[in-house]
Protein chains: 2
Amino acid sequence: MLDPYGAFVPHAAARLEGAATGPLAGLSFAAKDLFDVAGYVTGGGNPDWLALHAPAARTAPVVQRLVDAGATLVGKTHTDELSRGIFGENAHYGAPRNPKAPGRVSGGSSSGSAAAVAGGLADFALGTDTGGSVRVPASFCGIYGIRPSLGSLSLEGVIGQARSFDTVGWLAGDAALLARVGAVLLDQAPTAGSPWQRLILAEDAFAVAEPETQDALEPALDRLARLFPKVETRPVSSKPLGEWLRHQGAVQGREAWSTFADWIDRHNPRFGFEVADNFLRGRQVEDAAFEAGREFLAARRREVASWLDERTVVALPTTPFPAPPIGLPRTEMWQRRQAVITLTCIAGTLGSPQVSIPAGEIGGLPVGLSILGARGTDGMLLRLACRYAEVS
Amino acid sequence: MLDPYGAFVPHAAARLEGAATGPLAGLSFAAKDLFDVAGYVTGGGNPDWLALHAPAARTAPVVQRLVDAGATLVGKTHTDELSRGIFGENAHYGAPRNPKAPGRVSGGSSSGSAAAVAGGLADFALGTDTGGSVRVPASFCGIYGIRPSLGSLSLEGVIGQARSFDTVGWLAGDAALLARVGAVLLDQAPTAGSPWQRLILAEDAFAVAEPETQDALEPALDRLARLFPKVETRPVSSKPLGEWLRHQGAVQGREAWSTFADWIDRHNPRFGFEVADNFLRGRQVEDAAFEAGREFLAARRREVASWLDERTVVALPTTPFPAPPIGLPRTEMWQRRQAVITLTCIAGTLGSPQVSIPAGEIGGLPVGLSILGARGTDGMLLRLACRYAEVS
């Protein structure tokens with residue numbers, strides 16, 4: 001297979017022919033190399049993980065469901081190591097090239113999935129999103145991506161990271177296809193009409209974005225707002241998002257460490273330094289900080305539930321800026337990472353669905369606008385994304 | 001070159017013919033891949049270090065001095081990553097095989113140097129010893145090794161780690177050769193006669209060794225003691241060695257982080273998890289702990305100087321046990337590492353020379369007995385090692 005963007009992993013030239021008929025017949029898709037495909041080792045973005053695991057005995061149900069619906073799996077795609085990264089710069093395998101922004105990262109951790117879709121190598125792709133891993137590459141690659149409601153899709157046969165936040169998501173080049181895939185994967189009745197009533201412009205989230213990003217997203221935001229009878233500006237929370245980030249990071253970090261600690265302690269695997277650093281920060285989270293984090297996150301869910309009903313949609317920038325250049329120093333990337341996940345931790349904390357829409361450009365570099373709803377409103381968000389695309 | 005023990009690095013088939021005449025004429029030696037050899041990249045045990053550095057412009061003076069004295073450099077040898085390790089299990093390149101203890105680690109970080117000498121592939125070899133990296137592999141491979149007095153050999157053209165502790169050392173299969181190399185490398189007049197007067201059996205150090213090791217070393221210790229007019233048993237210090245270890249670890253760790261921080265932050269290199277963990281522990285050492293560590297170490301130097309004169313020699317086990325098996329879980333190796341460096345930190349703290357002598361066996365596995373002296377007594381220790389070998 002041609003792979004001009006370095007999107008696909010070389011060790012698993014997996015192909016599963018889609019069923020002859022079905023709602024996705026004739027479409028192609030790729031799956032992040034965290035999803036099991038029978039007969040291939042799931043590599044997880046780490047060469048030691050790859051070397052130390054046996055081929056998967058069965059295909060992950062979510063992959064199988066797409067194949068049964070007619071879509072053909074054409075390959076497995078690169079990921080940050082064990083999904084721990086937000087930019088797609090894998091220390092072992094390099095960074096997939098961003099088809100929409102040459103010289104820039106594709107975003108991660110679903111880096112290859114986004115590059116494959118943005119580069120036209122697959123119609124859509126599966127990713128995972130624990131802390132932003134579908135939304136960030138969607139924003140950076142100028143495509144659509146959804147992190148669905150927590151718990152809505154099966155994680156069976158998928159390398160998880162942090163169970164309070166892990167989700168399976170997907171990416172597509174247009175809103176209609178994003179919604180078609182959702183109709184297959186989500187156990188929700190299709191949303192009819194225009195149930196959305198109120199748009200919240202998330203003041204605190206927009207404040208995290210760079211001024212150029214705020215400006216670039218403004219026309220899209222105007223078009224989106226015109227679809228709503230009511231538009232309000234307010235912060236997501238009475239608490240600073242930096243505090244959300246700190247607590248979410250403590251809980252996710254500790255959970256990620258506990259997911260992989262046994263394997264790491266057994267095998268002393270090689271990691272890029274940043275990934276090791278992330279794991280070790282998680283290991284250091286003490287019981288009290290972990291519990292305080294969980295309580296803080298629960299309080300934020302209660303706080304937001306008081307105003308985020310099923311007819312309300314929150315608009316926010318997906319990322320504070322477009323894709324950074326490949327190969328910046330680690331410490332600079334760490335600063336940018338903190339800014340990115342200050343935004344993506346919102347849906348993570350709430351368990352909310354979030355759809356990133358390609359909505360602006362800064363000097364030719366794409367950047368996404370997101371819509372976020374109450375848990376369970378995935379269908380409404382997908383439909384709203386389609387409506388938005390129709391009027392854009 | 002035949003390399004049945006995996007001692008040599010494949011990327012630098014360096015050979016420097018020794019001068020036709022000189023005190024080391026006709027001998028062969030290997031150099032740890034931390035030493036510059038003109039025309040070759042110094043790999044430092046890490047593939048990203050190797051990839052990101054240019055070939056050395058000139059040969060390290062200590063290597064050149066050996067060549068000028070007649071010895072032929074036959075290759076460069078494996079090391080733990082950036083000398084951060086004590087067992088020789090390099091996550092990227094594997095572990096050299098221990099010629100004297102099949103299935104066991106060779107010890108590190110001068111892992112390949114010890115394997116090359118123990119396996120007869122070089123007459124002697126250069127290593128470095130910051131926290132035990134010559135002494136430990138000497139003990140595990142059943143050969144002689146010296147960590148010389150701090151500051152006695154040039155570190156120019158050598159990848160350093162922690163400047164308060166870094167030394168260049170060497171390993172050889174017999175005491176006479178160890179001393180011959182010393183006569184070339186050390187700027188000290190050869191020691192004549194038998195200046196040693198008093199042997200101290202270091203009670204606190206022997207207590208760290210496993211009972212089997214204590215038993216295995218006893219005959220050698222008896223032979224050694226017979227060379228002294230006076231023999232005393234006493235602890236090295238009024239402070240527990242565990243406290244030495246903690247402070248020495250804080251100072252070395254912080255220094256090692258500051259040596260490599262810029263490079264790590266710039267390039268996000270791949271490391272085995274344990275190495276990353278060590279670096280991050282060093283990064284976390286706060287100013288107060290670093291200063292407290294330095295003060296503690298200075299106090300120990302004063303304390304020991306009060307009784308360790310130039311005619312006194314301290315006997316201690318080099319390692320608490322013989323070489324562990326290759327491939328144990330990381331966390332188990334970490335426990336063993338702590339025990340090993342509880343012994344090796346003594347010379348590190350004092351800046352003392354220490355010679356490890358192959359002195360015992362446990363079930364066929366070699367283990368070393370060490371002699372340690374006041375700073376500057378390198379020549380005396382080398383001569384004493386020769387005397388010991390003559391009577392053994």
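Which residue in strand 8 of chain B is the bridge partner of A:Arg270? I found that the partner is B:Gly272.

I note that this is a predicted model, in which local features need pLDDT of at least 70, side-chain atom pairs count only at pLDDT 80 or more, and totals for chains, interfaces and linings use all residues. Residues are numbered from 1 along each chain as its sequence is written, and chains are lettered from A in the order in which they are written.

I then saw that strand 8 of chain A and strand 8 (residues 270-272) of chain B run antiparallel and are joined by three bridges; strands are DSSP runs of E, at least two residues, and helices of H or I, at least four, numbered from the N terminus, and two strands pair if DSSP finds at least two bridges between them.

For the contact as a whole, I listed 18 residues from chain A and 18 residues from chain B, where contact means C-beta atoms, placed from the backbone, within 7 Å. Helix 9 of chain A gives the most to its side, with five residues.

I looked up how the copies are related: a rotation of 180 degrees with 0.0 Å of shift along its axis superposes chain A on chain B, with an RMSD of 0.0 Å, by least squares on the C-alpha atoms of residues with pLDDT of at least 70 in both. The two copies are thus related as by a two-fold rotation axis.

Lastly, I traced an open sheet of ten strands in chain A, with mixed pairing and the order 2-1-3-5-4-10-11-9-6-7.

Conventions. Two residues are in contact if their C-beta atoms, placed from the backbone, lie within 7 Å.
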